[in-house]
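Colleague: Hi! Could you walk me through this one?
Modeller: Happy to, let me put it on screen.

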Amino acid sequence: MLHLPLLMDTPVAELAFRTHCPYCAFQCGIRMDDTQNDDAAIVQGDPYFPVNNGQLCIKGWTSSALLKHPERLLHPLIRDSRKEPFREAGWDEALDRIAGAMIRTREQHGADANGVFGSGALTNEKTYLLGKFARLAMGTANIDYNGRYCMSSAAAGGNRAFGIDRGLPFPVEDIAKTGLAILVGSNCADTLPPIMQWFEKQKSNGGRLIVIDPRRTPTAKVADAHLATTPGSDLALANGLLYLAIEEGYLNREYISARTNGFEAVRATVLGYHPAHVERITGVSEAQLRLVVRWMAAAESCMILSGRGAEQHSKGADTCNAWINLALAFGLPGKPNSGWGCLTGQGNGQGGREHGQKADQLPGYRLIENPAHREAMAKFWNVPEQSLPRKGKSAFELLDSLGPLTPNPSPERGEGSSTGGIRTLLVMGSNVAVASPDMPRIAERLKSCDFLAVCDSFLSETANVADVVLPVYQWAEESGTMTNLEGRVIRRRRTARPPRGVRGDLDVIRGLAERLGCAEQFSFATTREVFDEFRAATAGAPADYSGITYEKIDAQDGVFWPCPSEEHEGTPRMFAERFHHSDGKAKFLPVEHREGGEKPCEAYPYFFTTGRYKEHYNSGVQTRRVEKLLATQPLPRLQLHPTVANRHSILSSSVVTLESRRGRAEFTVDISQDIRPDTLFAPFHWGGKGAANALTKGALDPTSRMPEFKLAAVRIASVGRGSEGGTE
Ligand code: SF4
């Protein structure tokens, strides 16, 4: 059988010089030279890219180490049963096998028994094509992605309040000009270090910084004030601040009346958040609360920036709305150098949530349950509207549904409920076995599905339990567009030649679509043709990219969406005149504090919270393979307060085993005054014995379906002498 020819990308003789870092949403500009020999390409910060201005963090500096890494997968891997080892196979055999499993599943169990799990690391083009593949070629509703674990609560909060979700509605350069920056649950000094240049400029311009975090992080250490909140209390804190803003007469009444709806309901709600009550919930004193609102009132401009610490909770979306309420009450959104925004985490976390790999979305941030949006995409794809699947399961629920359909009445699910139902899963660019909460449960689920296919460059923990693994291009070997945390669409340019034997994710999607009988709808000749279809698909949608071209991106160092025509320059700053609800106004939303999915008790007396090291990225598939990063940060450490150490006779060399109701994990300890005595912290970059996500719970936010990564109840099960060895 003849197959579609592979996509044409940049010819090797014309490799580019400027591209962007593969990791986080700051998408630092880098310059790199490919090398003909076995050495890693030389990476430098791009001094002309106006976001990082030549700065990189250690992950960016070392990013090329993975391109010619000895563990790189260079052939598709196949096995006939999961008890057997993998064997190398050709591409046709591997793709035939995956497509065969999808067809079998569809025939035996229905289209929705096939699932797709994407990633916030995929380019916009891949995001678009993966969504089109799921809806048109597979006909399944069940596609979601790991951005659900990352930015979904901020997105839900922004959509509810402003009618649109763009993480930062202003460029990062505005941080330097703001009078007061409030970081809620973000340790950006570790997670996106080059952003600190903008806070340093802000400080030298006379601005102030407040950091809200249960830990005294490197970011908190450079702040003018640090509020060490109880984990899971950020919503109550915001409501308490609004209570004081009302009491002290700091409201911007003109703005509230002209530009917003719904303030009275919020006012009635926050009147229950007296400082003494808020202090009991948050651990923040009345004096500190008053200081914050006074600084907010005194500042000429003020921005509130939200991070995963505030968002990865079972009330993350409401927490975002509580902070947006406070911002609206002070008249900040739309005012110069002011507003509320989210510091997106993953490389294409923003674009990844806009173009159709999310269970409830179609390209351009259209909603799959909105009749007009369904009609628009059906027309664009030239298919009947009724043929488009409806909303599918969110990321954790999708993984938790792997396996045969089984009746399972449980306290969590209720009478008459069942588990399972998704029999075949395709994972693209995500290490779900380590990145998901309640890892032991997800590990069982992965084992119980009929067929698992994974696209990755390395044998990740997820690939290791798959039936077929496809080796794919890395960032420097492919072209495409990404959307950074500012909503700036940039070009990922091919700067390195891919090794023989690997293919791009776009080719994987096309090869599978062809085998499912949909070659015509995926018959692109070049990566640029995919880009052109993708941007045309967004015309008239909330996230309108239709006017963005490669040439404009090159000329402007990126284009901010919305950009509805080729004559339009893009939109760096939003909300100056109107919000995106039909009446142009922003919405206040009354939200109440509530307990998390779990709280400390006699049996599990400590809060457990997770986060990132500056040397590692997400589930660590890449960074745990970079020698320099591993040498600097070789293993996950448990940060705990000296009072906890004394109570349990823990020494700095001890190895501590933690237990939650779901699992156990083992860490070498780091005794520190920089954390609350009721809270323990560990990074989530590792699997195996040191897996923080073995402890976390899949309690979901009812709106965003974000799992509660930042709050679990744990106990110290045992204390042993340390070996300082690895934990994988
Ligand atoms: Fe920049 Fe993020 Fe890459 Fe670090 S990981 S170099 S902050 S894009």
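Modeller: A word on terms to begin with: two strands pair if DSSP finds at least two bridges between them, and helices (H or I, at least four residues) and strands (E, at least two) are DSSP runs, numbered from the N terminus. This is a predicted model, where local features need pLDDT of at least 70 and side-chain atom pairs count only at pLDDT 80 or more, while totals for chains, interfaces and linings use all residues. Residues are numbered from 1 along each chain as its sequence is written, and side-chain values use heavy atoms, with hydrogens and water left out.

Colleague: Thanks! Which residue stands opposite F607?
Modeller: F607 faces A713 in β32. Strand β25 (residues 606-611) and strand β32 (residues 712-721) pair in the antiparallel sense over three bridges.

Colleague: And how many bridges link β27 and β32?
Modeller: Six, with strand β27 (residues 654-659) running antiparallel to β32. In β32, R715 is the bridge partner of E659.

Colleague: What is the strand order in the seven-strand sheet?
Modeller: The order is β5-β4-β20-β19-β18-β6-β7, in an open sheet with mixed pairing. Its edge strands are β5 (87-88) and β7 (143-145), each pairing on one side only. Inside that order, strand β6 (residues 114-118) and strand β18 (residues 424-428) pair in the parallel sense over four bridges, and V116 stands opposite L426 in β18.

Colleague: What kind of peptide bond joins W561 and P562?
Modeller: A cis one, with omega about 0 degrees. P562 sits in the loop between β23 and β24.

Colleague: Let's change topic. What is around the ligand?
Modeller: Taking residues with a heavy atom within 4 Å of the ligand, you get C21, Y23, C24, Q27, C28, L56, C57, K59, G60, L192 and P194.

Colleague: How does that shell divide by residue type?
Modeller: Into eight nonpolar, two polar and one charged. Here Ala, Val, Leu, Ile, Met, Phe, Trp, Tyr, Cys and Pro count as nonpolar, Asp, Glu, Lys and Arg as charged, and the others, Gly among them, as polar.

Colleague: Is Q27 buried or exposed?
Modeller: Q27 is buried, with a relative accessible area of 1%. Buried means under 20% relative accessible area, exposed over 50%, and partly exposed in between (1.4 Å probe, protein chains only). Q27 also has a positive phi of about 45 degrees although it is not a glycine, and its place is the loop between β1 (18-20) and β2 (29-33).

Colleague: Where is R705, and what is its phi?
Modeller: R705 is in the loop between β30 (697-700) and β31 (707-708). Its phi is positive, about 65 degrees, and it is not a glycine either. R705 counts as partly exposed, at 26% relative accessibility.

Colleague: What about the largest nonpolar core?
Modeller: A nonpolar core is a set of buried Ala, Val, Leu, Ile, Met, Phe, Trp, Tyr and Cys residues joined through side-chain atoms within 4.5 Å. The largest has 120 residues, and those with the most contacts inside it are F133, F162, I182, M296, W323 and W340. Helix α8 (residues 234-247) gives the most to this core, with ten residues. A second, separate core has 47 residues, including L192 and F458.

Colleague: Why is helix α4 described as largely enclosed?
Modeller: Because nine of the eleven residues of α4 (residues 152-162) are buried. Elements covering those buried residues, with contact meaning heavy atoms within 4.5 Å, include α13 (308-311), α14 (316-329), β13 (339-342) and β24 (586-587). After α4 comes G163, whose phi is positive, near 80 degrees.
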